[in-house]
Protein chains: 2
Amino acid sequence: MRLLHTSDWHLGRQLHGVSLLPDQAHVLAQIVDIVREEAVDVVAIAGDIYDRSVPPAEAVELLGATLRSLCLELGRQVVLIAGNHDGPERLGFAAELLVDAGLHIAGPLRDSLSPVTLALAGGELDIFCLPYAGPATVRQVFGEAVSTHEEAMAALLRRVDDQRRADRPSVVMAHCFVDGGEESDSERPLSLGGADRVPAALFEPYTYTALGHLHRPQQRGAEHIRYSGSILKYSFSEAAHRKSVTLVDIAQGGDVAISQRELTPLRELRVLEGPLDTLLRQGESDPRREDYICARLTDTAAQLDVMGKLRALYPNVLQAQLLAREYNGQGPVASREMLKKSHLDLFGEFFEEVQGEPLARDQADYLKAVLDTLHAEGGL
Amino acid sequence: MRLLHTSDWHLGRQLHGVSLLPDQAHVLAQIVDIVREEAVDVVAIAGDIYDRSVPPAEAVELLGATLRSLCLELGRQVVLIAGNHDGPERLGFAAELLVDAGLHIAGPLRDSLSPVTLALAGGELDIFCLPYAGPATVRQVFGEAVSTHEEAMAALLRRVDDQRRADRPSVVMAHCFVDGGEESDSERPLSLGGADRVPAALFEPYTYTALGHLHRPQQRGAEHIRYSGSILKYSFSEAAHRKSVTLVDIAQGGDVAISQRELTPLRELRVLEGPLDTLLRQGESDPRREDYICARLTDTAAQLDVMGKLRALYPNVLQAQLLAREYNGQGPVASREMLKKSHLDLFGEFFEEVQGEPLARDQADYLKAVLDTLHAEGGL
């Protein structure tokens with residue numbers, strides 16, 4: 001039995017104001033190809049299908065088209081759970097009516113945690129779906145006095161254990177923060193102060209645990225407890241990530257073999273660092289100018305219209321950081337130097353930079369009078 | 001073959017700020033009962049399923065539960081089209097994956113208008129689904145130069161005719177404004193100035209046309225071209241309506257027999273008219289105090305805290321209109337009398353009404369000084 005584990009699609013997400021739908025469609029088409037090429041039996045999507053509870057209509061259409069390809073054209077089973085970004089009721093619409101088509105959606109947490117049992121060519125497989133549920137939800141649905149994410153997950157897994165069969169491999173799908181997991185800048189915290197952590201050991205007993213929430217592919221505690229990671233880099237903190245899907249071969253006896261298939265984005269996310277002139281010169285011969293760029297500029301001299309200059313070469317530059325305005329390699333030295341300067345000096349430098357000539361004497365005098373008045377009135 | 005025609009569910013709608021979801025759930029349960037009792041083969045819902053393109057999550061859940069009852073528990077076919085209130089992409093999510101469960105959703109207008117062909121016990125039936133589409137949408141999807149709703153509908157029906165089979169009854173489902181139809185206050189105009197009208201004759205050739213948009217049940221042009229009307233009264237202008245669903249028996253040869261089954265609301269919409277004291281006295285022995293009430297008060301004397309007094313007896317009073325403040329049966333006489341009075345007199349009467357005693361001399365003097373100042377400055 002071959003399972004493809006993916007998560008954190010975040011359909012409809014924007015990056016610095018730019019819609020990523022074309023990028024998402026690009027990698028979802030790759031996933032469909034992988035499912036076909038690798039003879040995957042079941043696709044498990046471990047939450048954060050959408051980026052928000054009310055996704056844009058185009059994201060709804062993209063998900064619909066992808067599920068149609070997987071379920072109707074390829075005839076595979078798809079199991080998906082709601083993550084903390086999803087609106088569980090909306091995601092779970094008509095779930096029971098979709099089962100015959102091979103689509104199994106776990107939207108809101110229900111008091112029955114009976115598994116999705118799939119009769120595959122290689123045997124029968126139980127998939128236990130745990131949509132994202134904080135302690136408050138678990139208290140409400142099961143009436144159990146849980147106060148942490150760990151207690152909540154333990155309560156859910158006790159119910160899984162009640163229904164688990166020893167003669168059948170069991171996959172758990174969950175959307176949570178497993179202790180020690182490596183974060184990136186694009187996950188929304190489940191709660192504050194570390195109370196959202198769940199120990200990996202809870203998932204030890206199951207054949208495989210398909211996790212969602214963290215955006216870097218990683219195993220937690222053991223090889224069969226894994227985050228597949230997101231399908232795209234959703235922050236520049238992930239520039240060094242390799243995004244992938246996880247292929248899991250499950251033997252009827254419960255042995256698992258795990259491999260990864262890398263996803264190739266339509267546009268890479270790259271961080272370029274150096275003086276503006278150097279970046280612009282390199283840009284002229286850059287074969288991947290369409291990539292999403294974060295430019296970290298080390299110039300110590302001020303630069304005007306940085307984004308405009310960069311965009312002429314890198315049309316999808318999203319961010320420019322002026323590092324040297326804050327530090328010059330040894331810390332925030334430039335800033336300290338600037339703090340020593342008077343408002344008059346600072347404005348004078350700015351004026352000269354913009355106008356190409358220094359303040360005239362009468363201009364400087366007028367400015368000084370304005371600044372003195374402001375000082376006297378406590379405005380500076 | 002028995003078809004149940006309904007439309008304009010408007011799930012998630014509010015009436016004067018009050019959620020109607022419990023009322024909607026109440027009548028949808030009746031529709032499920034009617035489908036069971038009357039051995040209905042197919043339920044046709046002619047648009048405005050939701051009240052807006054992004055409905056509240058509870059409305060999504062109610063629709064899901066109703067469709068589950070109809071398709072899974074009763075095993076009937078359900079065909080539904082998007083109306084002008086629906087978000088077609090959202091409504092059409094995973095439509096192809098729902099077909100096997102007996103649910104046929106026409107969300108966005110597609111360039112194929114091939115019918116839903118149902119093989120029922122009584123024979124085969126073609127249902128042509130025309131989701132709401134204005135001229136602009138028809139131009140975009142079919143590239144035809146249509147500029148009115150009539151031309152748009154004619155263009156769609158030409159495509160229906162291309163695929164219509166003479167040996168099979170054909171049902172058209174459409175969401176539009178058929179010329180001469182009786183409106184109420186709760187429909188949202190499709191366009192301004194009457195350009196939204198479609199002649200009934202366009203639908204003459206088909207076995208039955210199941211229309212949505214107008215909220216009063218009515219036939220247009222011929223008995224087999226009908227609006228089922230909404231499931232609830234969505235404005236006080238509909239207080240006299242009888243809401244119902246339409247049962248359509250279709251013989252394989254194309255003969256139709258039509259009947260209606262009335263729906264009983266959880267709470268009626270009623271307009272009560274008379275002096276406040278009379279309404280309050282009647283309210284004490286009113287067996288249906290939970291109804292939604294619009295009170296049209298004929299008092300000529302001012303009344304204080306009208307809504308509070310009414311709500312004590314009618315907890316769901318939604319609106320109070322003070323008719324006599326504008327007219328006393330012969331026109332706006334009271335208003336004219338009031339217009340003759342000075343601001344000082346008007347305020348003095350108001351003060352006495354609220355305080356139970358007239359303005360004291362010094363109060364009147366002070367008020368007069370304020371009013372004189374306002375007059376002098378052009379503020380009155």
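**Close-up views of chains A and B**

**View 1. Salt bridges across the interface.** R68(A) forms a salt bridge with E96(B), with the closest N and O atoms 3.0 Å apart; a salt bridge here is a side-chain nitrogen of Lys or Arg within 4 Å of a carboxyl oxygen of Asp or Glu. Across the interface of chain A and chain B, two salt bridges are found. This is a predicted model, in which local features need pLDDT of at least 70 and side-chain atom pairs count only at pLDDT 80 or more, while totals for chains, interfaces and linings use all residues. Residues are numbered from 1 along each chain as its sequence is written, chains are lettered from A in the order in which they are written, and side-chain values use heavy atoms, with hydrogens and water left out.

**View 2. The contact between chain A and chain B.** The contact takes 24 residues from chain A and 24 residues from chain B (heavy atoms within 4.5 Å). The buried area is about 2200 Å², and carbon and sulfur atoms give 72% of this; buried area is the accessible area (1.4 Å probe) that two parts lose on being put together, summed over both. R90(A), F93(A) and L97(A) supply 34% of the area that chain A buries against chain B, more than any other three residues.

**View 3. The largest cavity.** Its volume is about 280 Å³, the space filled by probe spheres set on grid points joined across faces, edges and corners. A cavity is a set of points on a 1 Å grid over the protein atoms alone where a 1.4 Å probe fits but cannot get out, and lining residues have an atom within 4 Å of a point. The lining has 16 residues, and V60(A), R90(A), V60(B), R90(B) and F93(B) lie nearest the centre.

Conventions:
On a 1 Å grid over the protein atoms alone, a cavity is a set of points where a 1.4 Å probe fits but cannot get out, and a pocket is an open set with protein on both sides within 12 Å along at least five of seven lines; lining residues have an atom within 4 Å of a point.
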